[in-house]
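Open the model in your viewer and keep the selection panel at hand. The stops below go from the whole chain to a sheet, then to one residue.

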Amino acid sequence: MTPTPAPTPSRRTVLGGAALAALAVTATAAPAATAATSPSSTAKPLTGEASWPTEYPLPDGWLPEGIAIGSKPYAYQGSRADGGILRTDLRTGESTVLYAGGTGQVSVGLKLDHDGLLYVAGSTGVARVVDSRTGALVTTHQLASAVGHFINDVTLLGDRAWFTDSRDAVLYGVPRGRTDGEIRALALTGDWVQLPDVNNANGIVGTPDGRGLIVVKSTPGELYNVNLRTGHATRITLVGASDVVNGDGLYRIGRTLYVVQNRLNLISVWSLDRTATTATLTRTITDPRFDVPTTAARYGDRLYLVNARFTSPQLPETTFTAVAVPI
């Protein structure tokens with residue numbers, strides 16, 4: 001995720017649902033089922049999730065980075081332009097603005113809790129909590145000063161929402177729910193070496209046993225297992241590839257870890273060992289519709305990703321999309 005927000009662009013009405021797009025996955029990934037029919041075909045029309053769009057538009061100039069999905073078929077996408085949050089019906093691809101944001105606000109990483117609260121990484125030292133049902137701002141947490149910090153991504157584990165700071169070797173634990181509580185600052189130690197003037201900690205997920213956190217270090221492309229009690233970070237040994245350079249969003253299912261490598265336009269898929277200290281590359285997922293995807297969220301047998309398009313002009317008229325790939 002980028003460390004500085006772009007100027008606030010104007011937004012126009014969100015476009016309607018998009019048609020199905022063909023998926024392209026590397027040979028090591030399972031091929032997508034085709035829905036094409038011909039006059040001589042006896043194939044039945046797709047029903048259920050298989051008929052949902054696999055690509056849908058976001059507003060021009062939205063500047064997306066984060067995406068969150070809960071138990072219902074709705075995706076929430078944040079804006080780097082003004083901190084707005086878009087709510088999309090995955091069944092149709094139709095979107096509405098849930099939270100309007102405001103001047104100087106940024107919304108990057110997001111996670112949706114079971115109680116309907118959205119935890120939002122706000123870049124400039126802040127984290128926000130937004131009600132996903134009403135769009136109301138519940139609270140704003142000032143985690144660090146606005147200068148020299150980049151609150152980038154978030155995950156939910158135990159009684160806290162844990163946020164990364166790409167410009168400081170600290171994780172922040174915010175109490176979950178609507179009650180106030182002490183924010184915990186967890187300094188990263190052990191194998192962690194903070195590099196100057198680059199994005200360090202980025203995507204974050206809980207370990208399979210729920211006792212720690214897995215953090216990706218975008219530069220130079222490393223994974224770490226962080227002890228929740230002490231902050232000691234153990235570098236995860238990678239087997240099958242030397243690094244996860246440009247690692248951005250993380251998503252985990254059991255011991256399978258998905259690493260979105262944004263500028264490489266791919267998702268690397270890793271199998272974690274029992275202690276989550278070794279990760280073995282099992283396959284990669286690519287798609288011709290990827291245009292610098294940043295983060296991923298799951299619904300059913302799909303991962304949904306937003307295209308941040310960092311290599312394209314970040315202008316009010318720049319178009320953006322979200323795409324889905326099978327897992």
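What percentage of the residues of the chain count as buried? Of 327 residues, 52% do; buried means under 20% relative accessible area with a 1.4 Å probe, protein chains only.

This is a predicted model: local features need pLDDT of at least 70, side-chain atom pairs count only at pLDDT 80 or more, and totals for chains, interfaces and linings use all residues. Residues are numbered from 1 along each chain as its sequence is written, and side-chain values use heavy atoms, with hydrogens and water left out.

**Whole chain.** Colour by secondary structure. There are zero helices and 26 strands. Helices (H or I, at least four residues) and strands (E, at least two) are DSSP runs, numbered from the N terminus.

**Open sheet.** Select strands S6 to S9. These four strands form an open sheet in the order S6-S7-S8-S9, with antiparallel pairing; strands pair if DSSP finds at least two bridges between them. S6 (110-112) and S9 (137-142) are the edge strands, each pairing on one side only. Now zoom in on S8 (residues 126-131), which pairs with S9 over five bridges. Val130 stands opposite Leu137 in S9.

**Ser166.** Go to the loop between strand S11 (160-165) and strand S12 (170-175); Ser166 lies there. Ser166 counts as buried because its relative accessibility is 0%. Show side chains. That of Ser166 makes a polar contact with the side chain of Asn152 (2.7 Å); such a contact is a pair of N or O atoms within 3.5 Å, and within protein one must be able to donate a hydrogen and the other to accept it, while residues adjacent in sequence count only if both atoms are side-chain atoms.

Notes: Buried < 20%, exposed > 50% of the residue type's maximum accessible area, 1.4 Å probe, protein only.
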